[in-house]
Structures are given as structure tokens and as C-alpha cells.
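Take a look at the structure below. We will start with one idea about contacts, then walk towards the ligand.

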Amino acid sequence: SNEIKILAIESSCDETAAAVVVNGRDVRSNVISSQIALHTLYGGVVPEIASRKHIEKINQVIGQALSDAGMTLDDMDAIGVTYGPGLVGALLVGVAEAKAISYAKKLPLVGVHHIEGHISANYIENKDLEPPFLCLVVSGGHTHLVKVLDYGKYEILGKTRDDAAGEAFDKVARAIGLGYPGGPKIEKVAHEGNPHAVEFPHAKIVDGPYDFSFSGLKSAVLNYLNGCKMKNIPIVQADIAASFQKAVTDVLIGNAMKAIDEFGMDKFAIAGGVASNGTLREGMRAACEKKGVAFYHPSPIFCTDNAAMIGVAAYYDFMRGQRDGLDLNAVPNLKL
Ligand code: KG4
Ligand code: ZN
């Protein structure tokens, strides 16, 4: 047939995931085995535990992805796998597995950049979306404002100087007693809070108009909490959550709109775990509408880590002729 079928594997952090993607945008299966419950016990991802769990789960997850798609390894045309950035031990499990399948089944191997995967998640449900467009990638490890020039061609306009946006959500959630993972928990309690209760700082970076900084905001929340304790002022979790969430989204929206104006972009997309946040999504949608800019975002299930997005990116890499050898290695700090 003239269908290109790709088995994709993702294991860069705490989700063991596999998917089957046909012709780049048709997701036939998307299996995610989350370790969140396990890491919650420790208040964050424990790398050693993540690696061990990936090893335990990966064969089962791949088997499920193939059977959900009604296919076998013999139907596949290529294997796509995340090889960086991420936790080295976690990445190695997926890479070793992909290499083993590639060797045993004589299937072409395509190493995928995790951030390229997040960006590509936008192609799944927006069949008309094509580069060029502007994309804000906001996850637990990354905050990148990226010009997507073409498939596989990116220009980074700005990134975080310290904490990633998701990391800030996770740290503030821990500080106000919400636990891990912080993003979804802050979003939930923020619904009950007043976003104007506390005016947290909006960091501006003078020599990098599209760069971000979230460690100052995190410190401001910690200082505010200490101040409340000292002055015996009751801490209202929902108000702090809502005010913090507003500060983060205001900065993300502000920088994105500045870049849209500066570069005259007419399409804008968000990606990564934090892109599943409703306040951020609706704020971006409204800001884009005002400018007449088309706004794209993946469904929440394709925002957080998954293998479908890796399969999409692998397809475009594969069609451009990318083939990796059995010497493909995990690269924990891989650059886009
Ligand atoms: O993309 P992702 O699953 O993994 C990385 O590549 O990092 O992103 C995970 C991050 C975590 O920091 C999590 O707290 C954040 O995304 N996140 C959210 C929401 N859901 C997940 N942040 C804000 N609001 C959410 N609803
Ligand atoms: Zn991710």
C-alpha cells in the first residue's frame, strides 16, 4: 500500500508511551503508561525509578499500541524514537528498544527530538496546519518560543533563562501544599481563586525580548508565603494559585504577541504539558483573535508527553530521508 506506518516510542521522562501513526497525521493508537502515581510519593520524578519502570512496561506498551491499531511489527515501515533531550537512563530504554526492533525486523530507525515532537502534536488535529508558524513550547523542562520555518527547520527566538514554566508550576504547587504534578493541581484550585488577589512580578528581560524567567516569580511566591506566616495572615491556596497562574500566563502571552507583531506571523501554536492549561489556552486564543492570527493547540492528551507526537515528527524526518544507525545514542541535553 502507499501508506507509511510508523511505530513511535517515547520514554524521555516519566511516561512510557508507544503509538502507531499512518501518513504523518493519522494516529491509529496512542498508549501511555504513566508513572505519576509512583513519583507523587517522592514529590517529583526520581530518575532511577523512572528508568526501571520504563524497562518493566515498554514491551507491554508497544504490544498494546500495535494491537490497538490492529497491526503487527510486520506492517510497520519505520521506527521513530525520542533520543533527547530528557533523563539519560529513561531515554536509553526507548532507544535500546527501538534499535532492537529495527535490527530484528530490518526496519529503518528515526531518532526524534522531543521538542520537535511536542511542536508536531499540533499537526494531529489540525490537518490544515503547515509551516511557517510561530510556536510556544511550554513543558516541565522547556520554555521555547520557536519559529517553525519548515518541517524539521526551527529558529529559536527565545527561551527561559532559569526555570521552565511547568517547573515553576510544580515548585509553587509544592510550596502551597498541593503536591506533584503541580500544573493540573494549580489549574484546578485556581478556578476557586481570585487572580488579582496578589500582584506577583512579571519578569522582563532587557537583552532578550523573547526570553523568559520564572525563578523570580517562584521566589516571590515563597516570600509572600513567609510574609503571611510572620504576620499571621491566613494563606488562601486558591488565591495564590490563581494569581501565580495569571502571572505566568500574562508573561507567556505577552512575549508571544510581541513576536507575532515583530515577525508578522499569521499562525500561532502552543505545545507541551503546560499548553493543556485552560487559562493559558483561552488567553492565547483571545489575544490571537484580536490580531486576526489563527490559533492552534493540541488536545490535552497530545500536550503532555505521548508517542503519537513522536510518530508525527518521525514521519516528516523519515520523508526527508533521515535514517539513523544502530549507533544512535541517547542525548540528554540535545539542542533543537
Ligand atoms: O510536556 P510534559 O508532559 O513533559 C515534559 O516534557 O516536561 O510537561 C509536564 C509539565 C509539568 O511541569 C506539569 O506540571 C505541566 O507540564 N502541566 C501543566 C498542566 N498539565 C501539565 N501546567 C499547567 N497547567 C496544566 N493543566
Ligand atoms: Zn515533554
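Two residues are in contact if their C-beta atoms, placed from the backbone, lie within 7 Å. Keep in mind that this model is predicted.

Start with Glu187. Leaving out residues up to four places away in sequence, Glu187 touches Gln245, Asn277, Gly278 and Thr279. Glu187 sits in helix H6, which covers residues 182-190. Is Glu187 buried or exposed? A residue counts as buried if 20 or more other C-beta atoms lie within 10 Å of its own. Glu187 has 20 such atoms within 10 Å, so Glu187 is buried.

Now move to Ser139. Ser139 is found in a loop. That loop links strand E6 (133-138) and strand E7 (143-150). Ser139 has 24 C-beta neighbours inside 10 Å, and therefore counts as buried. Neighbours within four places in sequence aside, Ser139 is in contact with His118, Ala164, Gly166, Gly272, Gly273 and Val274.

Both residues carry a label in a record. In an unreviewed entry, UniProt lists a "binding site" whose positions include Ser139, Glu187 and Asn277.

Finally, turn to ligand 1. How many residues surround ligand 1? The count is 20, and the closest are Gly140, Gly166, Gly183, Gly273 and Asn277. Helix H5 (165-175) and helix H6 each give at least two residues to this shell. Domain 1 (5-119 + 303-319) and domain 2 (131-298) each provide at least three. Sorted by class, the shell holds 11 polar, 5 nonpolar and 4 charged residues.

Methods:
Residues numbered from 1 in each chain as written. Chains lettered and ligands numbered in written order. Predicted model: local features only at pLDDT ≥ 70, side-chain atom pairs only at ≥ 80, totals over all residues. UniProt positions renumbered as here; feature names shortened; annotations may be inferred. Helix = DSSP H or I, 4+ residues; strand = E, 2+ residues; numbered from the N terminus. Buried ≥ 20, exposed ≤ 12 C-beta atoms within 10 Å, placed from the backbone. Near = placed C-beta within 6 Å. Nonpolar A, V, L, I, M, F, W, Y, C, P; charged D, E, K, R; others polar. Domains from an automatic or database assignment.
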